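The contact between the chains is treated before the fold of one partner.

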Amino acid sequence: MVNPVLLIAVPLGLAFAIPLFALFWKGAAKYIPPVALGFNLVVSLLLLGKVFENPVIVSIGGWQPPFCINLVAGPVGVLFSAIIALVGLLVSIYALDYIKEGATEKYHMLYLLLLTGATGVVLTGDIFNLFVFFEILCISSYALVAYLRDKAGIESAVKYLIQGAVGSSLLLIGIGLLYGQFGTLNMADIAGKIASASPISLFVPMVLLITGLGVEAAIFPLNAWLPDAHSSAPSSISAILSGIAIEVGLYAVARVIFTIFGASGILPFLALLGILTLLVGEMCAFSQNNIKRMLAYSSIGQIGLILFALAIATSYGVTGGLFQLLSHSLSKALLFLAAGYMIYRAGSMEISALEGMGRKMPLTCLAFTIGAFSLVGLPPFIGFPSKFLIVRAALATEETIFIVLIGLALLGTVIEGAYFFRVVQVLYFKGVKGNPEVNPERREAPAAALIPMFIFVVLIVVVGIYPKLVTDVLNSAATEFLNRLDYIRSVLG
Amino acid sequence: MSFLDNYIYYIGAFGLILIGLYIILVKHNLIKVIVGLGILDTGVNLFLISVGYITKGTAPIFSRPGIDSEHMVDPVPQALVLTAIVIGVAVLALALSLAIRLYQHYGTLNLRKIREQRW
C-alpha cells in the first residue's frame with residue numbers, strides 16, 4: 001500500500017534539494033522535476049485503482065480526525081493529483097530545452113513547489129492546510145510569472161500578486177469565521193456540524209471562501225489578472241497556470257460548495273456566473289491579436305463552462321464538468337506548449353507573424369491544430385465527449401434556466417470556433433499564395449518539446465475516441481462531490 | 001460599555017481589514033498598496049487571535065502547576081496565526097522585490113501610469 005503523503009513529501013523535499021544539487025552540478029536542476037513528477041504520476045495511478053471502494057485517509061501525527069491534519073485520497077483527490085502529475089511531467093520535459101535564460105535552478109525549484117502546492121490542495125482534508133498549500137501554489141506562481149524579468153512580466157506579476165493576496169486574506173477571514181462557529185478546521189467535521197448552524201451565519205463565510213478561492217479560479221468579476229499573467233509568463237508556465245492552477249482553484253470552490261456547505265441554493269447563481277465568465281472570456285479572446293492573450297482569454301471561457309457544468313450538480317453534470325476540466329488541462333497545455341516554440345521561431349506573439357508557420361514547423365502546427373480542434377469540441381478529440389456530456393446533462397435537468405444557459409454556452413463555443421479556426425487558417429493558408437514555389441527552410445521544435453506534445457496529442461485522440469477509459473474514474477469522483485455524507489462518514493469513521 | 005468590552009478586538013480587527021482594503025483600492029503608489037496589504041494581513045491575524053481569546057486568559061501550558069484549564073485560551077488560532085504571519089512575510093517580501101524591478105523598468109511606482117497590459 002503506497003502512502004498518499006509521499007505525493008506531497010517527495011516533490012516538496014526534492015524542490016528544496018534543487019539548490020543543493022545545483023551547487024555541485026548546475027545542469028542537475030532541470031532533471032529533478034521530471035523525476036519527482038514521474039514518481040507522483042506512478043503513485044497516483046497506483047492509488048487510483050484502490051480508492052474506488054473507500055478513500056484512503058491518512059492522519060498525520062498519530063491523532064484521529066478531527067484533531068489531526070488529515071489527507072483524504074478519495075477519487076477526486078487522486079484523480080486531480082494524477083492530472084497534475086501528468087501535465088506537470090510533460091511540461092517539465094518540455095522545459096528541459098525551453099528554459100535557457102536566467103536563474104534556471106530557481107525556475108525548476110519554483111515549478112516543483114507550484115505543483116506540490118497544487119497536489120496538497122487537492123489531497124488535504126483540513127481547511128487551513130488547504131489555505132497553506134494554496135499559498136504555496138500562489139506565491140510560486142507570482143514569482144514564476146515574473147521569471148523573465150521583462151516589463152510585461154513584472155507588471156503582470158504585481159497585478160496578480162495584489163489581487164491574489166487580497167483573495168487569500170478573504171479566504172483566511174472565512175476560515176476564521178468557520179473556526180469561530182464550529183471550533184474545528186477539519187472539512188468533514190465542519191460539514192457534519194453545518195446543518196446545526198443558522199443559514200444567515202453561514203452566508204458570510206461561504207461568500208468569503210468562494211470569493212477568495214474565486215480569484216485563483218478566475219471566475220468572472222475576479223479574473224482581471226489572468227490574461228496578463230498567462231500571456232507574460234514563459235510559455236511552459238502559461239501551460240501550467242492554465243492547465244493546473246486555475247483548475248485547482250475551481251476544485252477548491254467545488255469542494256467548499258459541495259462538501260463543506262452542501263449549498264444547493266447558490267448553484268443557479270454560480271451557473272449564471274459560469275456562463276457570464278464563458279461569454280466574457282470568449283468575446284475578449286475573439287478580439288485579440290496576440291496569440292498568448294487569446295489562449296489566456298480562452299482559458300477564462302473554459303473555466304466558465306466547467307463552473308457551469310459543476311453547478312448543474314447532477315451526476316452527469318459534475319462528471320461532464322470534471323471531464324471538461326481534464327480535456328481543458330490537456331488541450332490548453334498542448335496549445336501553450338506549441339505556441340511557445342511558434343512564438344520563439346517567429347519572434348513575435350502577433351497572430352499575423354505566424355503566417356506560413358504550417359510549412360516551417362509542420363509537426364508543431366499540427367499539434368496546435370489538434371489542441372485547438374479539441375478545445376472547440378470537434379469529434380475525434382477529447383473536447384467532443386466532454387462538451388457532449390455537459391450539453392446532455394443540462395438538457396436532462398429539464399429546467400428552463402439550465403436550458404437557456406446551455407444555449408448561451410453553445411453560442412460561446414461558436415465564437416471559440418471562429419477565433420481558433422482563424423489562427424489555424426493563418427498557420428496553413430495565409431502567405432502561401434504569393435510565393436507558391438518558395439520552399440521555406442523547416443525548423444522544427446527540438447525533440448524535448450516534440451515528445452511531450454506528441455504524448456498530449458496521443459492522449460487527446462485516444463481518450464476522444466474511447467472516452468470509457470476515464471468515465472469510470474470521473475463518475476466516482478462526481479459521486480464523491482455529490483455524496484457529502486459518505487465523505488463525512490469515511491473521514492470521521 | 002459591555003458591548004465594547006466584549007467586541008473591542010473584533011471591531012479593531014475589522015477596522016484594520018477595512019483600512020487595508022481601502023488603501024489597496026484607492027492609493028496609486030505601489031509601496032502604499034503593499035503597506036495596505038500588510039495592514040490587511042495584520043487585521044486578519046488579529047481577528048484569528050480574537051476568535052480564540054477569552055478575557056483574562058492564560059497560556060495553555062498544562063505542565064505548570066496551579067493553573068485551571070477554564071482560563072486557558074484556545075491555542076489553535078495562535079498556531080494558525082503563526083503560519084499566516086510567515087506567509088504574509090513571504091508575500092510582502094516578494095511584492096517589495098517586484099516593486100524594485102518595476103521601478104527599474106518604468107522609473108515610477110505610480111500604478112495609474114503603468115498600464116501597458118490591458119484588456
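1. In this predicted model, the contact draws on 28 residues of chain A and 27 residues of chain B. On the chain A side, the elements that supply two or more residues each are helix 5 (127–145), helix 6 (151–182) and helix 9 (226–232).

2. Helix 6 of chain A gives the largest share of the side that touches chain B, namely 17 residues. By residue class, the side of chain A that touches chain B comprises 19 nonpolar, 4 polar and 5 charged residues.

3. As regards secondary structure, chain B holds 3 helices and 0 strands. Its order along the sequence is α-α-α.

4. The overall dimensions of chain B deserve attention. The radius of gyration of chain B is 20 Å, whereas a compact globule of 119 residues would have a value near 14 Å. Along the principal axes, the C-alpha atoms of chain B occupy a box of roughly 65 × 35 × 20 Å.

5. What percentage of the 119 residues in chain B is buried? Buried residues account for 24% of them; a residue is counted as buried if 20 or more other C-beta atoms lie within 10 Å of its own.

6. Concerning contact order within chain B, contacts between residues at least 6 apart in sequence were considered. Of these contacts in chain B, 55% join residues at least 24 apart.

Key. Residues numbered from 1 in each chain as written. Chains lettered and ligands numbered in written order. Predicted model: local features only at pLDDT ≥ 70, side-chain atom pairs only at ≥ 80, totals over all residues. Contact = placed C-beta atoms within 7 Å. Helix = DSSP H or I, 4+ residues; strand = E, 2+ residues; numbered from the N terminus. Nonpolar A, V, L, I, M, F, W, Y, C, P; charged D, E, K, R; others polar. Rg over C-alpha atoms; globule rule 2.2 N^0.38 Å. Buried ≥ 20, exposed ≤ 12 C-beta atoms within 10 Å, placed from the backbone.
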